[in-house]
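Subject: A structure for you to explore

Hi there,

Here is the structure I promised to send you. Have a look at it first, and then read on for what I found.

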Amino acid sequence: MWELVKIDPHLDLNSLYYYLMVTTHLRETCVVAENGHQFLGFASGMILPREPNTLFVWQIATTPSYRGRGLGTTLLEELLERPYRAPVRYLSATITPDNDASWHLFHKIAKRHKTRLATLGQLKRQWFAPENHDEEQIIKIGPFPIQP
Ligand SMILES: CC(C)(COP(=O)(O)OP(=O)(O)OC[C@H]1O[C@@H](n2cnc3c(N)ncnc32)[C@H](O)[C@@H]1OP(=O)(O)O)[C@@H](O)C(=O)NCCC(=O)NCCS
């Protein structure tokens, strides 16, 4: 995960410690894709502590040679299908305005579930200072139907 994020300009690289914590303590909301020994991608997230019906997707990335082949969609669908303590009705994430692939991916998820994608606000560029970081749009997809 760390190595994939390291090569991608759209993602913020966290410490190796962070990825160990995510895959240990947030493993219910973390999924990796592999083909044999080849690592193909991952999605990591968390159920928001104050919104237990919302799955927040923290980072998602697929290996460049596999992009556009449905893997990103599969990773998000896997996270949505998992059983959680409370049914997940919303998916949330943040996306930079120029990240076309990510916008397409999240719009596609909304379309597949016949629900809507709303932009709720933004993490402003100046909040990232002193880093030179683009703003992030906060999105929320849903509501998803309650599973019987
Ligand atoms: C975003 C990302 C995870 C998508 O993964 P993926 O494996 O390509 O996802 P999918 O193949 O399921 O594609 C989902 C949709 O996005 C579209 N798409 C993928 N890449 C695209 C691009 N560069 N431009 C426009 N649309 C794109 C696909 O065509 C597909 O739509 P369709 O089925 O209607 O044709 C991948 O591009 C990536 O790892 N990007 C770098 C990291 C990143 O930006 N992560 C997201 C941060 S919020």
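This is a predicted model: local features need pLDDT of at least 70, side-chain atom pairs count only at pLDDT 80 or more; totals for chains, interfaces and linings use all residues.

Is Val57 buried or exposed? Val57 has 25 other C-beta atoms within 10 Å, and the cut-off is 20 or more, so Val57 is buried. You will find Val57 in strand β3. Setting aside neighbours within four places in sequence, the contacts of Val57 are Ala43, Gly45, Leu76, Leu91 and Ala93. Cys30 sits 27 residues away from Val57 along the chain, and their C-alpha atoms are separated by 9.1 Å.

Now for the whole protein. It has four helices and six strands, and along the sequence they follow the pattern α-α-β-β-β-α-β-α-β-β. The C-alpha atoms fill a box of roughly 45 × 40 × 30 Å along the principal axes. A compact globule of 148 residues would have a radius of gyration near 15 Å, and the protein has 15 Å, so the two agree. Of the 148 residues, 22% are buried. If you take contacts between residues at least 6 apart in sequence, 53% of them join residues at least 24 apart.

Next, take a look at helix α3. Which of its residues are buried? They are Gly72, Leu75, Leu76 and Leu79. Looking down the axis of α3, these buried residues fall within an arc of 90°, which means they line one face of the helix. Their cover includes β1 (30–35), β2 (38–48), β3 and α4. Leu76, one of these buried residues, is also among the contacts of Val57.

Finally, there is the ligand. Which residues come nearest to it? Of the 23 residues around the ligand, the nearest are His10, Gly72, Thr73, Ala101 and His104. The elements giving two or more residues to this shell are β3 (51–62), α3 (71–81), β4 (90–95) and α4 (100–112). Helix α4 gives the most, with six residues. Sorted by class, the shell holds nine nonpolar, nine polar and five charged residues.

Enjoy exploring it!

Best wishes

Methods: Residues are numbered from 1 along each chain as its sequence is written. A residue is near a molecule or strand if its C-beta atom, placed from the backbone, lies within 6 Å of it. Ala, Val, Leu, Ile, Met, Phe, Trp, Tyr, Cys and Pro count as nonpolar, Asp, Glu, Lys and Arg as charged, and the others, Gly among them, as polar. A residue is buried if 20 or more other C-beta atoms lie within 10 Å of its own, exposed if 12 or fewer, and partly exposed in between; C-beta atoms are placed from the backbone. The arc is that of the directions from the helix axis to the C-beta atoms. Two residues are in contact if their C-beta atoms, placed from the backbone, lie within 7 Å. The radius of gyration is taken over C-alpha atoms; the globule rule is 2.2 Å times the number of residues to the power 0.38.
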